[in-house]
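Dear colleague,

Please find the structure below.

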Amino acid sequence: MSLLRVEDLSVVYDEGHGTAFEAVKKVGFELDQGEFVGLVGESGSGKSTLGFALTRLSKPPARIAGGRILFDGTDIAALSTEEVRTQRQGGFAMVLQSGMNALNPVRTIRNHFMDIFAAHGHVPPRARAARAEELIAKVELPPATLNRYPGELSGGMRQRVSIALALSLEPRLMVFDEPTTALDVLVQHAVMNTIRQLQASENFTAVLISHDLGVVLEATQRVLVMHDGVIVEDAPSERILNAPQHPYTQMLLSHYGDPRAAEVTVPGLVRRADADVRPADRQRVGAREPIVVSNLTKVYPKGRRGSATRAVDDVSFTLEPGMSMALVGASGSGKSTIAKMITGVERPTSGTIAFGGTRIDTLRGRRALKQLHSEVQMVFQDPYAALNPLHTVEYILTRPVENFTGLRGGAARARVLELLETVGLTPVEKFATRLPHQLSGGQRQRVVIARALASDPQVIIADEPVSMLDMSLRAGVLALLEELRRTRGVSMLYITHDLLSARLVTDRIMVLDKGVVVERGDTAEVLQRPQDDYTVRLLDAVPSPRG
């Protein structure tokens, strides 16, 4: 008998206004003991809603509207909350997407384990300390981790703690909901290795939910592809990779690529030669100024638990007008620290940053920083957190237009509509009146880019601008950034741990390791023929289902 059998399962979001949105539509499938299955689809496909339903973690306004979830023969969809709680120990558990959000920031990691042991009573009091150490060791963390708070751990460490906490229930089914989203490629690779090793050694059934088909195909034996609340394809991973049947699966696969390949293309993104730029635009490019970074160093003073941190160590480079340069490396390599110093948010410990006749590293006062930010703008990583949920798109864009250009009234509104047209949000009048929650992730990121363009900047610093977007949405945002660079003369410093996107939209690349530039050069040349061992490690960690 299957460990899990799902029959005609429907899940709806019911706000109580008379119309319920059906997120999961009569889904059915079976999972055997010890299977490792991927559940893949884009945002809004229903995959996370399904994962929450399988582990009975759905919260209002979501509710199971029909069907059965037979776990070891028992329909857990029909159980009360208390009956479900007693089923969890030895039954099913879920690892959530964000390790920080899943943990209580004012409780030590040890307290988290003790709370679970006390709630379920499956570990005798005298054995609890040893059991916590055993579990933390299983996810390859040192015993001292138990005495630390979530805020003192890296993203990868927090995700490992979340896995260990789920393991403490000794589950036979574990659902992993986007466990590596926003983690850098090395940490992602390490976390996925840990999950694979634990699944094999503990023999639990695993469901890996992700929008990244490359990660899913590399890790799992079987893939369920979900689209618009329906499972449109269910096949072994090898068949999904080599002979996908459904057009939606084929679309997802078309957006996967290897940054080391001789040629890399994805649908919707075509790089064109700079010779295609109109003459007027080329004159504008020539009139603009480089950013020259010389011997830049940033040292953070000694913290509570260690010595001083040298986040950036003697970094030098020039971002020429109209150039796109990638700054890549794992978390903690110094990428974002460099961005903060270029935008004047932080000051270097030593070294200089020159932008035309301006020394950014010596700027003082609000007026000087405002002048800098009229020419150097940021595009932030999280399009959900970057926009005020209470304001319309028009209001969000009007503020920087007024602040940086002095336009008011009808002139300001005309400029806002022009910006929306520039980033492809048409019809512009419709998008101007929308609130952020009424936009998709890709549309929100386009608004963030439009806001950065409000001052007509010379330089855009794009800090992981597509890491939280689905594969197909990434192509659209990357194509927009490339078009802005090509036609408007915008220089772009592209900060990322995603080597594929760096290959697609940048001319030059710098690889950072612990604050030091270990390799630089033409992007395609460096990624196809890396010279430094660290660059090789980054490339080897990229999911490669084709081996």
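Buried means under 20% relative accessible area, exposed over 50%, and partly exposed in between, with a 1.4 Å probe and protein chains only. Because its relative accessibility is 29%, Glu-483 counts as partly exposed.

The model is predicted, so local features need pLDDT of at least 70 and side-chain atom pairs count only at pLDDT 80 or more, while totals for chains, interfaces and linings use all residues. Residues are numbered from 1 along each chain as its sequence is written, and side-chain values use heavy atoms, with hydrogens and water left out.

Helices (H or I, at least four residues) and strands (E, at least two) are DSSP runs, numbered from the N terminus. Glu-483 belongs to helix H18, residues 471-488. Its C-alpha atom is separated by 39 Å from that of Ile-195, 288 residues apart along the chain.

Helix H1 (47-54) is mostly covered, with six of its eight residues buried. These are Lys-47, Thr-49, Leu-50, Gly-51, Ala-53 and Leu-54. After H1 comes Arg-56, which has a positive phi near 55°.

Next, the pockets. On a 1 Å grid over the protein atoms alone, a pocket is an open set of points where a 1.4 Å probe fits, with protein on both sides within 12 Å along at least five of seven lines; lining residues have an atom within 4 Å of a point. Grid points are joined across faces, edges and corners, and a volume is the space filled by probe spheres set on the points.

The largest pocket has a volume of about 1300 Å³. Its lining comprises 41 residues, and Gln-97, Ser-98, Glu-178, Thr-181 and Met-468 lie nearest its centre. H1 is one of the elements that supply at least two residues of this lining. By class, the lining has 14 nonpolar, 19 polar and eight charged residues; Ala, Val, Leu, Ile, Met, Phe, Trp, Tyr, Cys and Pro count as nonpolar, Asp, Glu, Lys and Arg as charged, and the others, Gly among them, as polar.

The second largest pocket has a volume of about 620 Å³. In its lining, 14 residues are nonpolar, three polar and four charged. Helix H4 (109-120) gives the most to this lining, with five residues.

Finally, there is a sheet. Two strands pair if DSSP finds at least two bridges between them. Six strands form an open sheet of mixed pairing, in the order E16-E17-E18-E13-E19-E20. Strands E13 (324-328) and E19 (508-513) run parallel and are joined by four bridges; Ala-326 has Ile-509 as its bridge partner in E19.

Yours sincerely
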